[in-house]
Amino acid sequence: MATEFLADPDELAIWLGKPANDPKLLAALRAATRRFRGAVGHDVDLVEADEVTLDGNGRESLLLPVWPTTDVASVELDGELLVEGTDYQWSDMGALRRLGCYRWPDRLRCLVVVYSHGWNPIPEDIQEAVIDQARTMFTVPAGVQSRAVGGQSVTFGATAAVGVSSQWSAAVARHKVRTSGDA
């Protein structure tokens, strides 16, 4: 089951100078966590015994959708249970390789894989990106690029205008769900 936050509320509290149980701080962290999970297409946390149906690619290797892979419990090809070490092998980077000079068939929905994947603990690049996004959500009013009150004006940075930082984009690109075209 996914954790509520992908970063520590105490760390965000230090950045914002607010208590870690501040409702607005927690709402910003929850929203940034949901936004990251939505952007990458998976929970990020460790998920055990996840069953996925995959298309074959006609190659010796294919990529499982989410990495790191921590275990492959079973692989079925057209309903036949394959044997690890004889029929296939896997890596923590999510590669599933066919053994014995065989290739995965080039057919849709021919593989059913039960595997465990994800992170425990959450990588620092994800935590940093989520904290940065939560800080922006906490401090910058949604949709506002500049604000003037009396003789004072404030213009918010590109992150507020665009919605994400380059750090965020890099973390999303690294951790997003992979497709068969990524192999």
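Reader: What lies over the face of tryptophan 104, and at what distance from the ring centre?

Author: Arginine 98 does, at 5.4 Å from the ring centre. A charge sits over a ring if NZ of Lys or CZ of Arg is within 6 Å of the ring centre and within 35 degrees of the ring normal. Likewise, the charged end of lysine 24 sits over the ring of phenylalanine 138, 4.7 Å from its centre. Please keep in mind that this is a predicted model, where local features need pLDDT of at least 70, side-chain atom pairs count only at pLDDT 80 or more, and totals for chains, interfaces and linings use all residues. Residues are numbered from 1 along each chain as its sequence is written, and side-chain values use heavy atoms, with hydrogens and water left out.

Reader: Why is the pair of phenylalanine 36 and tryptophan 168 called edge-to-face?

Author: Rings of Phe, Tyr and Trp (its six-membered ring) pair if their centres lie within 6.5 Å; planes under 30 degrees apart are stacked, over 60 edge-to-face, and the rest tilted. Here the centres are 5.3 Å apart and the planes stand at 85°, so the pair is edge-to-face. Phenylalanine 36 belongs to helix α2 (residues 23–40) and tryptophan 168 to helix α5 (residues 166–175), 132 residues apart. Helices (H or I, at least four residues) and strands (E, at least two) are DSSP runs, numbered from the N terminus.

Reader: What makes the pair of tryptophan 67 and tryptophan 119 edge-to-face?

Author: Their ring centres are 5.3 Å apart and their planes are at 75°, so this pair is edge-to-face too. Tryptophan 67 is in the loop between β2 (61–63) and β3 (69–77), while tryptophan 119 is in the loop between β7 (111–117) and α3 (124–139).

Reader: How do you know whether tryptophan 67 is buried or exposed?

Author: Buried means under 20% relative accessible area, exposed over 50%, and partly exposed in between (1.4 Å probe, protein chains only). Tryptophan 67 has 9% relative accessibility, so the residue counts as buried. Tryptophan 119 has a relative accessible area of 19%, and is therefore buried as well.

Reader: Why is arginine 178 called buried, and what does its side chain reach?

Author: Its relative accessible area is 15%, so arginine 178 is buried. The side chain reaches the backbone oxygen of methionine 93 at 2.7 Å. Leaving aside neighbours within four places in sequence, arginine 178 is in contact (heavy atoms within 4.5 Å) with residues including Trp67, Met93 and Gly94. Arginine 178 itself is placed in the segment after α5.

Key: A polar contact is a pair of N or O atoms within 3.5 Å; within protein, one must be able to donate a hydrogen and the other to accept it, and residues adjacent in sequence count only if both atoms are side-chain atoms.
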